[in-house]
Amino acid sequence: KLSSVFLSNTNHEEDQPSHLQLKDPSIPIAQNLPRFAEPAQRYCPAGVYEVVEDAEGPRFQINAQNCVHCKTCDIKDPAQNITWVVPEGGGGPNYPNM
Ligand code: SF4
């Protein structure tokens, strides 16, 4: 997955606010993980969402830099908790031959 993300020339400015927003940041771990094993880890084609095991327990990590703007997460999250907003400065994949 991640080598394909690299080939898409995806880039976002490092210091911009995340364009992937959670309405309720507790839902991925509190609801989606026990009920559905947090499906965002699998449906996102760019590996943006990860559940990371910390000393305090699981943590939901968003690697927004890798997002290829397919908007699957905006539609498919079982809690409708993820909102995709337009990134700043034309960031995202760059397909030079399209
Ligand atoms: S828009 Fe697509 S690529 Fe970006 S985080 Fe959502 S599912 Fe992943």
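Colleague: In which part of the chain is Ala64 found?

Modeller: Ala64 is found in the loop between strand 3 (57-62) and helix 4 (72-76). Helices (H or I, at least four residues) and strands (E, at least two) are DSSP runs, numbered from the N terminus. This is a predicted model, in which local features need pLDDT of at least 70 and side-chain atom pairs count only at pLDDT 80 or more, while totals for chains, interfaces and linings use all residues. Residues are numbered from 1 along each chain as its sequence is written, and side-chain values use heavy atoms, with hydrogens and water left out.

Colleague: Is Ala64 buried or exposed?

Modeller: Buried means under 20% relative accessible area, exposed means over 50%, and partly exposed is in between (1.4 Å probe, protein chains only). Ala64 has 14% relative accessibility, so it counts as buried.

Colleague: Which residues is Ala64 in contact with, leaving aside its neighbours within four places in sequence?

Modeller: Contact means heavy atoms within 4.5 Å. With those neighbours left aside, Ala64 is in contact with His12, Ser18, His19, Leu20 and Val48. As for Ala40, it is 24 residues from Ala64 in sequence and 13 Å from it in space, C-alpha to C-alpha.

Colleague: How many helices and strands does the protein chain have?

Modeller: There are 4 helices and 4 strands in the protein chain. Read from the N terminus, the order is α-β-α-α-β-β-α-β. The radius of gyration of the chain is 14 Å, close to the 13 Å that the globule rule gives for 98 residues, so the chain is as compact as a globular protein of that length. That radius is taken over C-alpha atoms, and the globule rule is 2.2 Å times the number of residues to the power 0.38. Along its principal axes, the C-alpha trace spans about 40 × 25 × 25 Å.

Colleague: What share of the 98 residues is buried?

Modeller: Buried residues account for 33% of the 98 residues in the protein chain. As for contacts between residues at least 6 apart in sequence, 66% of them join residues at least 24 apart.

Colleague: Which residues have the most contacts inside the largest nonpolar core?

Modeller: A nonpolar core is a set of buried Ala, Val, Leu, Ile, Met, Phe, Trp, Tyr and Cys residues joined through side-chain atoms within 4.5 Å. The largest one here has 15 residues, and those with the most contacts inside it are Leu20, Tyr43, Cys44, Val48, Tyr49 and Cys73. Helix 3 (40-43), strand 2 (49-54) and strand 4 (82-84) are the elements that give two or more residues to this core. Not counting residues up to four places away in sequence, Tyr43 touches Thr72, Cys73, Lys76, Asp77 and Ile82.

Colleague: Where is Asn32 found, and why does Asn32 count as buried or exposed?

Modeller: Asn32 is in helix 2 (residues 27-36). Its relative accessibility is 2%, so Asn32 counts as buried. Residues up to four places away not being counted, Asn32 touches Ile27, Ala37, Glu38, Pro39, Asp77, Pro78 and Ala79.

Colleague: What is the phi of Ala37?

Modeller: Ala37 is not a glycine, yet it has a positive phi of about 55°. This residue lies in the loop between helix 2 and helix 3. At 39% relative accessibility, Ala37 counts as partly exposed. His69 is not a glycine either, and its phi is positive at about 60°. His69 lies in the loop between strand 3 and helix 4, and is partly exposed with a relative accessible area of 22%.

Colleague: Which residues is Pro58 in contact with, leaving aside its neighbours within four places in sequence?

Modeller: Those contacts of Pro58 are Ile29, Leu33, Val51, Val52 and Glu53. Pro58 has its place in strand 3 and, at 33% relative accessibility, counts as partly exposed.

Colleague: How many residues apart in sequence are Asn11 and Pro93?

Modeller: Asn11 and Pro93 are 82 residues apart in sequence and 6.4 Å apart in space, C-alpha to C-alpha. Asn11 is found in the loop between helix 1 (2-7) and strand 1 (20-22). Asn11 is partly exposed, with a relative accessible area of 44%. Neighbours within four places left aside, Asn11 is in contact with Gln65, Gly91 and Gly92.
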